[in-house]
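Open the structure in your viewer and keep the selection tool at hand. This tour goes from stop to stop.

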Amino acid sequence: MFERFTEPARRVVVLAQQDARERAADRIRSEHLLLGLCRATDTRAATLLAARGVTRAVVEADLGAAGPTERPDQPDLPDKAALASVGIDLDEVRERVEDAFGPGALESTRAAGSRGRRWGHIPFDRAAKKVLELALREAIRRGDRSIGTEHVLLGMLHSETGRAMPLLAARGVTLERMRAALDEPGAASG
Amino acid sequence: MADATAVAAAASSRDPATGLAAVASLRTLLESLEELQVRNARDQGWSWQQIAAGLSVSRQAVHKKYRRHID
């Protein structure tokens, strides 16, 4: 599915996954994709968002104000913050394990898999999948050959794509406005 | 990682929720690392006896735990 994604758009998906993991979410949702767009700061989408005052901090504040959707922490899950409390850096451990056994080695173990998804592959929820499908459609609609961050942004501005759309609408970021902004001269892909 | 002061504060916390969560996470991490190491040892031709000695447990214990999932 991601073979048509540009490198920045792939980075956004990776960041969204990281974000979902850090928040102990069981699915990658549209708000995680939005945070990913904000975090990849040098991209077309992040530039469009930042110009309208939508940054990572703003999105996090809005999500916090709207109330949590994540399930509470399960005590038996490997928890990055809990390990940090006894001086263990989970990212550092993962990095060293992957040096020896390859990418995803830690996540591939039964111990990690049987106790939750926080370490490993987290699936997209239905709305986030829809965002990615709509991103493809937006790219086709614009005659672009690859899916960039701006298409992911347009994808999440459709209805029934989860929490990102109403949050962005409240900040004045709508499908029509973003399409228009991309039609302005000098709008590079990325 | 969080800054050193915050980590030190959390590590010395007497809040059971913090301490127990740390232990639970350590256990999961331990299980993952053990699994990777046992699999690697088997891939390199180590016997269950040798692996058990390396882990300082009985051969029966390690064999029972992993034989169904490794090899």
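This is a predicted model: local features need pLDDT of at least 70, side-chain atom pairs count only at pLDDT 80 or more; totals for chains, interfaces and linings use all residues.

**Stop 1: chain B**

Select chain B and colour by secondary structure. You will find 4 helices and 0 strands. From the N terminus on, the order reads α-α-α-α. Now show the surface. The accessible area of chain B is about 4,700 Å², and carbon and sulfur atoms account for 54% of that area. Of the 71 residues in chain B, 28% are buried. Turn next to contacts in chain B with a separation of 6 or more: 37% of them join residues 24 or more positions apart.

**Stop 2: the largest nonpolar core**

In soluble globular proteins, nonpolar side chains tend to be buried together. Select A:Leu34, A:Leu49, A:Leu153, A:Met156 and A:Leu168. Among the 42 residues of the largest nonpolar core, these five touch the most other members. Which helices of chain A each supply at least two residues of this core? They are H1 (7-22), H2 (30-39), H3 (44-51), H4 (56-66), H8 (126-141), H9 (149-155), H10 (164-170) and H11 (175-183). H1(A) gives the most, with 6 residues.

Zoom in on A:Leu34. Leave aside residues up to four places away in sequence. A:Leu34 then touches A:Leu49, A:Val59 and A:Met156, as well as A:Ala164, A:Leu167 and A:Leu168.

**Stop 3: the aromatic rings**

Over all chains, the count is 2 aromatic pairs. Select A:Phe2 and A:Phe5 for one of them. Their rings sit edge-to-face, 4.9 Å centre to centre, with 80° between the planes. A:Phe5 is buried, at 5%.

Look at where the two partners lie. A:Phe2 belongs to the segment before H1 of chain A, while A:Phe124 sits in the loop between helix H7 (110-113) and H8. The pair thus links distant parts of the chain, 122 residues apart. A:Phe124 counts as buried because its relative accessibility is 15%, and the cut-off for buried is under 20%.

Finish with all three rings on screen. A:Phe2, A:Phe5 and A:Phe124 form one aromatic cluster.

Definitions and conventions
Residues are numbered from 1 along each chain as its sequence is written. Chains are lettered from A and ligands numbered from 1 in the order in which they are written. Side-chain values use heavy atoms; hydrogens and water are left out. Buried means under 20% relative accessible area, exposed over 50%, partly exposed in between (1.4 Å probe, protein chains only). Contact means heavy atoms within 4.5 Å. Accessible areas come from the Shrake-Rupley method with a 1.4 Å probe; for residues, only the protein chains shown count as cover. A nonpolar core is a set of buried Ala, Val, Leu, Ile, Met, Phe, Trp, Tyr and Cys residues joined through side-chain atoms within 4.5 Å. Rings of Phe, Tyr and Trp (its six-membered ring) pair if their centres lie within 6.5 Å; planes under 30 degrees apart count as stacked, over 60 as edge-to-face and the rest as tilted.
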